[in-house]
Amino acid sequence: MKTILIPLALMILMSGTAHADYRRYCDSVSTNAESFAEERKKGRTKKQVQEDARLVAQQRELDPSVLEAWYAEIEWVFSGAQKRYGPVASRQRRLDECLANEGK
């Protein structure tokens, strides 16, 4: 029985860690959505926000995948369904959406 409990305990611990990592990922995604929604609220266009993101990524010498992820969030923020939400509501909607997709 002990041999079953130890791996089970490790699985539970590992799944908790995986969940915490995914939660941090969703927090990051939703924070980005809020920031991009702030820019939209200021009247900046999607193209302007994308260009700003590209310049930041270039200056910081970030991995291209980071810029791709930012572009995806910019698309999400500027999509028709999201345009009616302010920055704080966008953050919460994006967080909820992200967490709902865990494990999918």
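These notebook entries record what I looked up in this predicted model.

**Entry 1. The disulfide**

I began with the cysteines and found that the structure holds one disulfide. Cys26 and Cys98 form it, with 2.1 Å between their sulfur atoms. I then located the two partners: Cys26 lies in helix α1 (residues 2-41) and Cys98 in helix α4, so the bond ties together parts that are 72 residues apart in sequence. For the torsion about the S-S bond I noted about -75°, and the disulfide is therefore left-handed.

I next looked up the accessibility of each partner. Cys26 has a relative accessible area of 0% and is buried. Cys98 is also buried, at 4%, since the cut-off for buried is under 20%.

**Entry 2. Glu73**

I turned to Glu73, which I located in helix α3 (residues 64-78). Is this residue buried or exposed? I recorded a relative accessible area of 6% for Glu73, so the residue counts as buried.

Which residues does Glu73 touch, if those up to four places away in sequence are not counted? I listed Val29, Asn32, Ala33, Phe36 and Arg94. Of the helices already noted, α1 spans residues 2-41.

**Entry 3. Ala89**

I placed Ala89 in helix α4, which covers residues 87-100.

Terms used:
Residues are numbered from 1 along each chain as its sequence is written. This is a predicted model: local features need pLDDT of at least 70, side-chain atom pairs count only at pLDDT 80 or more; totals for chains, interfaces and linings use all residues. Side-chain values use heavy atoms; hydrogens and water are left out. Helices (H or I, at least four residues) and strands (E, at least two) are DSSP runs, numbered from the N terminus. Buried means under 20% relative accessible area, exposed over 50%, partly exposed in between (1.4 Å probe, protein chains only). Contact means heavy atoms within 4.5 Å. A disulfide is a pair of cysteine sulfur atoms within 2.5 Å.
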